[in-house]
Amino acid sequence: MSDVVALILMVGITAYALFGGADFGAGFWDLTAGGAERGRTPRSVITHSIGPVWEANHVWLIFCLVVLWTAFSEAFASIMLTLFVPLSIAALGIVFRGSAFAFRKEVTRTSSQRNFGAAFATSSVIVPFCMGAVAGAIASGRVPAGGKAGDPWSSWINPTSILGGVLAVTVCAYLAAVYMVWDARRLGDADMVEYFRRRAVVSAVVAGIVALAGIFVLHGDATYVFHGLTSRALPLVILSALCGIGSMVLLLRSGHRGARLLAMGAVATVVLGWGVAQYPYILPTSMKLSAAAAPDATLWSVVIVFVIAAFVILPSLGLLYYLDQRDLLAAPAVEPGLDGEREARA
Amino acid sequence: MASALGWVLAVNPVPWARAQMAFTLAFHIVLVPLGVAWGFITLIANWRAIKKNDADALRLAQRWSKYMAVTFAVGAVSGTVLSFEFGLLWPRFMGRFGDAFGIPFAIEGLFFFLEAIFLAVYIYGWKRLKPWPHFWTGVPIVIAGIGGTVSVVAANAWMNEPAGFTLNSAGKVVDVDPWDVIFNKAMPLQSLHMLVAAYLVGGFLVASVYAFGMLRGRRDRYHRIGFLIPFTVAAIAMPIQMLVGDEMARWVFNNEPVKFAAIEMVPKTSTDVPETLFGHLDDKGQVVGGIAIPGLASILSDPAEGTSTQIQGLDSFPRDERPTNSQVDVVHLAWDVMVGLGTFLFLLSLWYFASWVFKRRMPKSKLFLWIAAAAGVLSVVTLEAGWVVTEVGRQPWIVRNYMKVEDAATANTGVWITFIAVLLVYVGLAVTVILVLRQMSRRWREGDAEAEVDDGGPYGPRPAPEEHAANADDDRELVP
């Protein structure tokens, strides 16, 4: 039973990585888009791309937290106790990211847009780094079970955590760039298609290098997970590499719809691979899933909620993405045109 | 590094964790009514716009949904902070009781998902979805708001009235009955109380903006409708809340006697207990100051028994299982504020209805508009006060009779740092939200003025917003 709920948790984490992660990655490209003039067009693609969907994608994080604290409450408590610092930074980063993005869309003065944009973009890099570092801390066994806190600093400032953080940032950037190739295409902007296609290829290479380097880091620093990745999770690792290479080939040949799916596959298999590699532990190697699991009735509640979600939330999400991809979700038209006029007059 | 910082960080985390949780909740709870009730208010305007081809109502619905996009974003992220804080500040509570306490949140998660999805569809769907399908995409927002409120408050009610779990000898939760956890004894009334509160605060808050506009001379149809829709929602919710609140108070009297003793500030068990307005407890736990209305607390607690109703005093509970004297002062004051302001807002609603009954129109006097303009902030104060009553009144427990707050807190001594960081960030956030909303409003108002000039003066027919949309630049170029 605890395995079923662990699988649900992994589904949530994967969905958050694929969708929420890409929204953070969009922030990375926002950060690196250059000055107000030069970055105007890519930033408009970014705003257009994540505007309607980021809040729904963000809920996957809440989903993961809730499943974790309901089904594996002791593990949740241990993680939160040891990783107080990176998680506090992440929480505040999420506040900056979400609110600054919402504000930036609504203000018209360039200086305000720049300030909110900077807050949005910087926090979009910090949050995935912290999340990756947290994953690294867990994977490398630095979160002890049993109500005792691990080291508040070295638990997340260590080789595996830094690997996790850097990998998270690059993977998010990679996904975002791949998605935005299509968003730019939908907008009919050939320059931006090329702009993000180049970035998608570069970030794919960087993510690949980081992942390769990661093998050596894990070998020395996270033995249990390393052994898992090279044994039972090996098929997923290979699949991830194949997907990554495949998507790059398609991107280099200037694109095919499949590149996006393959990119998603590459990332999803990495996340799932991590989960499989540390099985049956939720905190390697001090707490097993079964030991952390809540009583059966609680686990059943989580499963039932998940089944309801599959019937209610997934179609709703599907509707959102469908409308979004069909370009039926435009920026709300209250007094459109005004912003442009204002700019012109200024 | 740890040792170098050790002396700076070695501060007892409990008061800081308390302060941080209280502050972030107090912040989030202001956004809740907007998330829960504003969608409903907007849909009324939207409905009217389509049914009666009402351009003013349409403009209001569109603008409200745009404001909502901002407040919902801030509500979503400040809500996320709360999720983190459960673990960051109260890991021992979550580690032990997450198995039970978490269940209502799993259900809340579903509603939050629905709300986020359909809010996005609704907000972004104005331009390219057909009017009625677009309207219907707003309905799940309302349902999710109601469901989400009920689920979250169910979790809070569970802390007041824990049920549906069995502890083994080591204090670990070994058996859970999810149904009893969700439908704990405090849940029905407490959820209803908060839900109605969300509608009346949301209504009063939105209406207050238009009351201000009218006071500044903008007494046009647009402002009148902008006032009437939300104010009517609040004014209908208000009498319902008086009934629910009254029932709730009696429920607390019967089920949470310690909290009730703190609410009524009753030091010693007795009959014929006076209702004391304001006042406080001295060092010896005696009531000082305030205005005592003889026998009223007893009468209200059980009207059938009247003044002979016995109310348990604070002295009938062990000192370490009831709020401290200063906490009792806070609970009692918050209670007076809630009931006082609630009654005031109730009278305001009666005034509004009386005017409709006798004059067939809303009250037009400046006095009414001034009070209505203040009602937004006053209703928020009422809401915060009510929340203080239930939370501080439960002290020292986090899970009543099972776990104390001090036993739930994190061992991280750096909480004072995160508290200060959160305080600064949230104050900045609050100021920014208000500035951004005001800027949006000003921009639209200037746009309206220009549109009127374009159409040959203020008395000409107003163009429908759809025409604006059709003439507009493509949104792609518009987005900064």
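Analyst: In this predicted model, the buried residues of helix H13 of chain A pack against elements of two chains: helix H1 (2-31) and H3 of chain A, and H4, E2 and helix H6 (178-182) of chain B. The buried positions in H13(A) are A:Thr298, A:Leu299, A:Ser301, A:Val302, A:Val305, A:Phe306, A:Ala309, A:Ile313, A:Ser316, A:Leu317, A:Leu320 and A:Asp324. As background to such a list, an α-helix has 3.6 residues a turn, so residues three or four places apart point the same way.

The helix itself covers residues 296-325 of chain A, which is 30 residues. From its first C-alpha to its last, H13(A) reaches 41 Å, close to the 44 Å expected at 1.5 Å a residue. Its course includes a kink of about 40 degrees, centred on A:Ala309, and A:Ala309 is also among the buried residues of the helix. Just after H13(A), A:Asp327 adopts a positive phi of about 65 degrees.

One of the partners in chain A, H3(A), spans residues 54-71 and has a contact of its own with helix H4 (residues 73-82) of chain A. The axes of these two helices come within 5 Å and cross at roughly 115 degrees. On the side of H3(A), the contact is made by A:Leu68, A:Trp69 and A:Thr70; on the side of H4(A), by A:Ser73, A:Ala75 and A:Phe76. By class, four of the residues in this contact are nonpolar and two are polar, and none is charged.

As for the chain around the helix, the secondary structure of chain A consists of 14 helices and two strands. Its C-alpha atoms fill a box of roughly 65 × 40 × 40 Å along the principal axes. The radius of gyration of chain A is 20 Å, which agrees with the value near 20 Å for a compact globule of 346 residues. Of those 346 residues, 62% count as buried. Among contacts in chain A with a separation of 6 or more, 78% are accounted for by residues 24 or more positions apart.

Methods:
Residues numbered from 1 in each chain as written. Chains lettered and ligands numbered in written order. Predicted model: local features only at pLDDT ≥ 70, side-chain atom pairs only at ≥ 80, totals over all residues. Axes fitted to C-alpha atoms, helices over the stretch in contact; angles between N-to-C directions. Helix = DSSP H or I, 4+ residues; strand = E, 2+ residues; numbered from the N terminus. Contact = placed C-beta atoms within 7 Å. Nonpolar A, V, L, I, M, F, W, Y, C, P; charged D, E, K, R; others polar. Expected span 1.5 Å × (residues − 1). Bend = angle between axes of the 7 residues up to and from the residue. Buried ≥ 20, exposed ≤ 12 C-beta atoms within 10 Å, placed from the backbone. Rg over C-alpha atoms; globule rule 2.2 N^0.38 Å.
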